[in-house]
Amino acid sequence: MVGAGVVGLTCAARLLADGHRVDVVARDLPLETTSSVAAALWYPYRALPYDRVLGWSRASYDAFAALATGSPDAGVTMRSGVEVLREALERPWWAEAVPDLADTFVVPDGYELGWTFTAPVVEMPVYLAWLASLVLERGGTITRLNLSGLPSGADVVVNCSGIASRFLASDETVSPVQGQVVLVEQVGLERWWLDADGPTYVVPRSHDIVIGGTDVEGEWSRSPSPEVASAILRRALRLVPELAGAEVLGHRVGLRPARPTVRLERVEDVVHCYGHGGAGVTLSWGCADEVASLVS
Ligand SMILES: Cc1cc2nc3c(=O)[nH]c(=O)nc-3n(C[C@H](O)[C@H](O)[C@H](O)COP(=O)(O)OP(=O)(O)OC[C@H]3O[C@@H](n4cnc5c(N)ncnc54)[C@H](O)[C@@H]3O)c2cc1C
């Protein structure tokens, strides 16, 4: 398994459950990956094609819902929230993946309506550590290794190297979409909020709140910008006035692995699974199921 982000670790855990031997190798360990920066609200954002993404999203929704009730240490919570809209739209293409999507007219000024629904919120630092423990508990290994190409010598190599597939798989269609977030103290917020314009999102976790964001195509820098952070906070405050005065705890930048479509296919002894854009968490368990069937 190449990669220890959410995609690689989920696939590793899934393959181990099927009885395979799995060695994960990665340049960055779980808490150093793009995945650790994710907000990470279940939402199929910037990932195509719609039909496969819908299936993967639905499977992951169910897997996270089961973790939220059955594995309290995993850092997954089912939270109700609102996606606000400036004008009324038809139901979203992913509506059938969530059980309780409904219109709401209780929205901040400037918006026409919102979609309210329950979604998994995944506290990534907690969840990635939990997933890594699951991999080890099931007999897998995780080793830091900076590869210059996909390894040979394994029965099957699973490539979950995210943005690095541009080099490791010579795939120039993979490119970064930079995202910046601000972490603030928890001020008692229970619901998440999302405005696709911006994008602007406010995602409460147990001890802090992730506020985003940005969406800069082709930008490779991982340095947070103070000006961008101020603009993010201004937008978020308009959406959720309760954030006024919340202490800023930190800033993070990650590079979403964007691709015209997610690549999930087997080519001889390599299964490629990368290019999840802004939805790597949202698609993770569904993709892992498909990787498992391709490996077997
Ligand atoms: C600001 C922000 C907010 C986001 N919010 C959400 C959200 O709310 N919901 C959601 O579903 N998604 C969200 N995402 C998207 C999500 O983070 C990504 O889709 C996901 O992290 C991709 O996971 P991955 O495992 O493919 O890649 P990564 O997490 O990047 O992991 C790639 C792995 O490959 C390894 N690797 C790379 N090169 C090499 C090499 N040469 N040798 C060995 N190993 C290598 C890396 O070290 C790493 O371990 C967000 C992203 C950002 C930036």
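## The ligand shell

The shell around the ligand has 18 nonpolar, 14 polar and three charged residues. Here Asp, Glu, Lys and Arg count as charged, Ala, Val, Leu, Ile, Met, Phe, Trp, Tyr, Cys and Pro as nonpolar, and the others, Gly among them, as polar. The model is predicted: local features need pLDDT of at least 70, side-chain atom pairs count only at pLDDT 80 or more, and totals for chains, interfaces and linings use all residues. Residues are numbered from 1 along each chain as its sequence is written, and side-chain values use heavy atoms, with hydrogens and water left out.

In total, 35 residues surround the ligand, each with a heavy atom within 4 Å of it. The closest are Arg27, Asp28, Ser35, Gly277 and Thr282. At least two shell residues come from each of α1 (6–17), β7 (175–185), β12 (248–258) and α6 (280–295). Helices (H or I, at least four residues) and strands (E, at least two) are DSSP runs, numbered from the N terminus.

## Contacts to ligand oxygen

Serine 35 places a polar side-chain atom 2.5 Å from an oxygen atom of the ligand. For threonine 282, a polar side-chain atom lies 2.7 Å from a ligand oxygen atom. Aspartate 28 uses its backbone: a polar atom there is 2.6 Å from an oxygen atom of the ligand. Taken alone, the ligand exposes 1,000 Å², and the protein buries 96% of that. These areas come from the Shrake-Rupley method with a 1.4 Å probe.

## Tryptophan 94

Tryptophan 94 sits in the loop between β2 (76–85) and β3 (102–104). Its relative accessible area is 2%, so tryptophan 94 is buried (buried means under 20%, exposed over 50%, partly exposed in between, with a 1.4 Å probe and protein chains only). Valine 53 is 41 residues away in sequence from tryptophan 94, yet 8.7 Å away in space, C-alpha to C-alpha.

## Backbone details

Two cis peptide bonds come next. One runs from leucine 48 to proline 49, with omega near 5 degrees. Proline 49 is in the loop between β1 and α2 (50–70). Another runs from glycine 212 to glycine 213, with omega near 0 degrees. Glycine 213 is in the loop between β10 (208–212) and β11 (216–217).

Arginine 46 has a positive phi, near 55 degrees. Arginine 46 also lies in the loop between β1 and α2, and is partly exposed at 32% relative accessibility. Serine 170 has a positive phi near 50 degrees. Serine 170 lies between α4 (165–168) and β7, in the loop, and is exposed at 64%.

Conventions
A polar contact is a pair of N or O atoms within 3.5 Å; within protein, one must be able to donate a hydrogen and the other to accept it, and residues adjacent in sequence count only if both atoms are side-chain atoms.
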